[in-house]
Amino acid sequence: MNPETATLTRKQIETEGFAVVSDDELGFSPESRAHLHREFFRPGILRSYPDDLPVDRERARDVVRYDWNDDQLTLTEYESIVIENRGERPEPREYARVEVLTDPCFEEWIRLALGLVPGSTRDTKGTFGVNLFRTYTNVVTRPHQDGEKFVFIYVLDKVGQGAQTWLYGPEENDPVLFQDTLGPGDLLVFEDARFRHSVTPLENPPGGTARRDVLVCTVNYDHTYPLD
């Protein structure tokens, strides 16, 4: 990523709480994005689960540990991917794991994404949750927060219209502070505590079926996945 662009993006996240960057601004090529989509958003990796919401969603997951030493970043697979107390479901849930660090292109994207976290809020070590989501109708069920430090929403591919992303203030009756339809190659980063977020339903194209393939990732709090 261009150092000047990175500095400006981190400053925007620090002051406004969010920023949107394109593949070009991030320094991630369209060919690399196509590679991620081809290799990871396919049968055998994505699966449907009973009682999942939205009900027609397909997903996979990974959790990566990160360690900063000055500007040097080390990434390793974390021992667990279990989700607990998320989305009004307190019970532990474990989905199919895909070890994303086996793919150099995926590792590159994570490095670029973590580089957008402002220095004032960057921990020297922590975990990065990686969710691969394919949706066809509803994207989410309601405005919500993920209960982590930062959320990253990166669109790899989309068919049809709709799926406009909204950021509200954190309280129930707070107004909309951001609304835009993210397209393939767009990455939205925001500080979770400052917003509730939602996405409008997908709309089928004429004679076809809508689909949206995204990475939804989180920079987690220390208690989510404890480190030594």
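In this predicted model, Ile110 makes contact with Val64, Leu75, Val100, Leu101, Phe128 and Val130, leaving aside residues up to four places away in sequence. Ile110 also stands out within the largest nonpolar core: among its 40 residues, Ile110, Trp109, Phe128 and Phe152 touch the most other members. Helix α4 is the main contributor to this core, supplying 7 residues. A second core of 13 residues is separate and includes Val151, Phe178, Phe190 and Phe195.

The axes of α3 (residues 30-40) and α4 (residues 104-114) come within 9 Å and cross at roughly 120°. Angles of 65 to 115 degrees would count as roughly perpendicular and those over 145 as roughly antiparallel, and the two helices are therefore oblique to each other. Their crossing is left-handed. On the α3 side, the contact is made by Ser32, His35, Leu36 and Phe40, which meet Cys105, Phe106, Glu108 and Trp109 of α4. Sorted by class, this contact comprises 5 nonpolar, 2 polar and 1 charged residues.

Turning to strand β1 (residues 18-22), Val21 is found here. Val21 has a relative accessible area of 5%, and buried means under 20%, so this residue counts as buried. Beyond residues up to four places away in sequence, Val21 touches Met1, Thr9, Leu26, Leu116, Gly185, Asp186 and Leu187. Thr121 lies 100 residues from Val21 along the chain, and the C-alpha atoms of these two residues are separated by 19 Å.

Technical notes
Residues numbered from 1 in each chain as written. Predicted model: local features only at pLDDT ≥ 70, side-chain atom pairs only at ≥ 80, totals over all residues. Heavy atoms only, no water. Axes fitted to C-alpha atoms, helices over the stretch in contact; angles between N-to-C directions. Helix = DSSP H or I, 4+ residues; strand = E, 2+ residues; numbered from the N terminus. Parallel < 35°, antiparallel > 145°, perpendicular 65-115°, else oblique. Left-handed = near helix turned anticlockwise from the far one by under 90°. Contact = heavy atoms within 4.5 Å. Nonpolar A, V, L, I, M, F, W, Y, C, P; charged D, E, K, R; others polar. Core = buried A, V, L, I, M, F, W, Y, C linked by side-chain atoms within 4.5 Å. Buried < 20%, exposed > 50% of the residue type's maximum accessible area, 1.4 Å probe, protein only.
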